[in-house]
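Here is a short briefing on one protein structure. Look at the sequence and the 3D view, then work through the points below.

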Amino acid sequence: MIELLNAGVAVLILALAIFIILARELFAAGVAFVAYGLLITLLWVQLHGADVALIEAAIGGGLTGALVIGTARRLRASEALACAARVSMPARVIAALVAGTVAAALAACVLALPDPAPTLAPQVAVNIAPTGVGNPITAVLLAFRAMDTLLEAIVLIFALIAVWSLAPDSVWGGRPGPRHQADPHGILAYVARILPPIGIIIGIYIFWAGADHPGGKFQGATILAAMWLLVAWAGFIDAPPINRKWLRLVLITGPLVFVAIGLLGAVSAGAFFAFPEGYGKPLILAIEWALMPSLALTLALLMAGAPQRTASQ
Amino acid sequence: MSAPTLFGLCAALLVGVGLFGVIVHPHPLRKILAFNVVGSGVFVLMGAIARRGAAAGLSGDPVPQALLITGIVVAFAATALAVALLVRLFEATGSITLSADAPAQAQGDADDL
């Protein structure tokens, strides 16, 4: 029974992927991408990756889909122009051959995977106790591979700086994106009033539960960012100008605390990101608490895009 | 067929489908979407491998699963940057074509602004 369900999910995902590629309209492809992200979430549940399922639902389906749909509206005028420049038939056949070859090679690799599979799970199971957290993925993210997570937080800041740097000189330091207007009695305004209290509690809960259960700062921060975007798109609040001191402080506090705790380990325990005996859990929680607001704000501002208006507009 | 093998094969096909879209679509936003399909295929493939690594009472290898969370967030950041570049290109030139013979016309549009 469950195998039938798995096969059904796989077929639906493939069908949606093909629809995303072949759909005539950009908007339809964007909507299909959201549905596709939600189905991939089901797939993650079946692969027993609950933490990954949460982030896929929030980012893969949610934020990326919303970003594409929002951009598709702004670029509507361009669609006809781009469609005029169609790729010729021989080029399409060659592209299909290349794509088919890559897919076949990957499929062959999947069927030739070694058995038993190499795994680091036993090492994680043995070493998780000293960190004090119960969720092995949180232990990997913030203890065993803390360096990766630190670099990720910094990559996000760099991506945001890169997005901001696309602003025309005249509006540097101004507000990102267009000012959103919505019918105050419409469905968007209604949802933007009803949903955020629930969404904020769920976001904070997922963050709070992350130490011992599936969840964590990335998933929680994404949900908080989504709530902020919902309220902004309904026109209730405006995006802050990017030259505000408080804004920049919140953005860098998380990574700075992360680096400081890493350096603390270098001084007190002999290695960068080595946690002193018995202080593992408090330090991990400190990193999570510091990173959460930074991540939520970074993700929300990445969605908002480059500055397009001066602070007074 | 076991779930990891089934979803691993599904992932291989997703990479193929996405790659085809990246090559043939003239519209850059469609290319970005197709690239995200390739990305999700790579993530699912890695997830299938993580699931095969179930051992020691854990239902999957937590190391690749943690890296996947990092990967999905970074993929979103890259997508946001690509979209911002595209919006800026559209604002500056009024066109979003990536073809090589367009700059002359795009330049003309930019002068009009």
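Chain A has 12 helices and 2 strands. The model is a predicted one. Along the sequence, the elements of chain A run in the pattern α-α-α-α-α-α-α-α-β-α-α-α-α-β. The C-alpha trace of chain A spans about 65 × 60 × 35 Å along its principal axes.

**Helices α9 and α10 of chain A**

- Helix α9 covers residues 187–209 of chain A, and helix α10 covers residues 217–233 of chain A.
- The two helices pack at an angle of about 165 degrees, with axes 8 Å apart.
- Angles over 145 degrees count as roughly antiparallel, and α9(A) and α10(A) are therefore roughly antiparallel to each other.
- The crossing of α9(A) past α10(A) is left-handed.
- On the α9(A) side, the residues in contact include A:L188, A:V191, A:L195, A:I202 and A:F207.
- On the α10(A) side, they include A:I223, A:L224, A:M227, A:L230 and A:W233.
- By class, this contact of α9(A) with α10(A) has 15 nonpolar, 4 polar and 1 charged residues.

**Helices α8 and α11 of chain A**

- Helix α8 spans residues 146–164 of chain A, and helix α11 spans residues 245–268 of chain A.
- Their axes come within 9 Å and cross at roughly 160 degrees.
- That angle makes α8(A) roughly antiparallel to α11(A).
- α8(A) passes α11(A) in a left-handed crossing.
- From α8(A), the contact uses A:A146, A:T149, A:L150, A:A153, A:I154, A:I157, A:L160 and A:W164.
- From α11(A), it uses A:L247, A:R248, A:L251, A:P255, A:F258 and A:V259.
- The residues of this contact of α8(A) with α11(A) divide into 12 nonpolar, 1 polar and 1 charged.

**Where chain A meets chain B**

- How many residues of chain A are in contact with chain B? The count is 88 residues of chain A, in contact with 72 residues of chain B.
- The size of an interface is often given as the accessible area lost when the parts come together.
- Chain A and chain B bury about 7,000 Å² between them. Carbon and sulfur atoms carry 81% of that area.
- Which three residues supply more than any other three of the area that chain A buries against chain B? They are A:I21, A:L47 and A:L166, which supply 10% of it.
- Between chain A and chain B there are 2 salt bridges.
- One salt bridge pairs B:R52 with A:D115. The closest N and O atoms of B:R52 and A:D115 are 3.6 Å apart.

Methods:
Residues numbered from 1 in each chain as written. Chains lettered and ligands numbered in written order. Predicted model: local features only at pLDDT ≥ 70, side-chain atom pairs only at ≥ 80, totals over all residues. Heavy atoms only, no water. Axes fitted to C-alpha atoms, helices over the stretch in contact; angles between N-to-C directions. Helix = DSSP H or I, 4+ residues; strand = E, 2+ residues; numbered from the N terminus. Parallel < 35°, antiparallel > 145°, perpendicular 65-115°, else oblique. Left-handed = near helix turned anticlockwise from the far one by under 90°. Contact = heavy atoms within 4.5 Å. Nonpolar A, V, L, I, M, F, W, Y, C, P; charged D, E, K, R; others polar. Buried area = accessible area lost by both parts, 1.4 Å probe. Salt bridge = Lys/Arg side-chain N within 4 Å of Asp/Glu carboxyl O.
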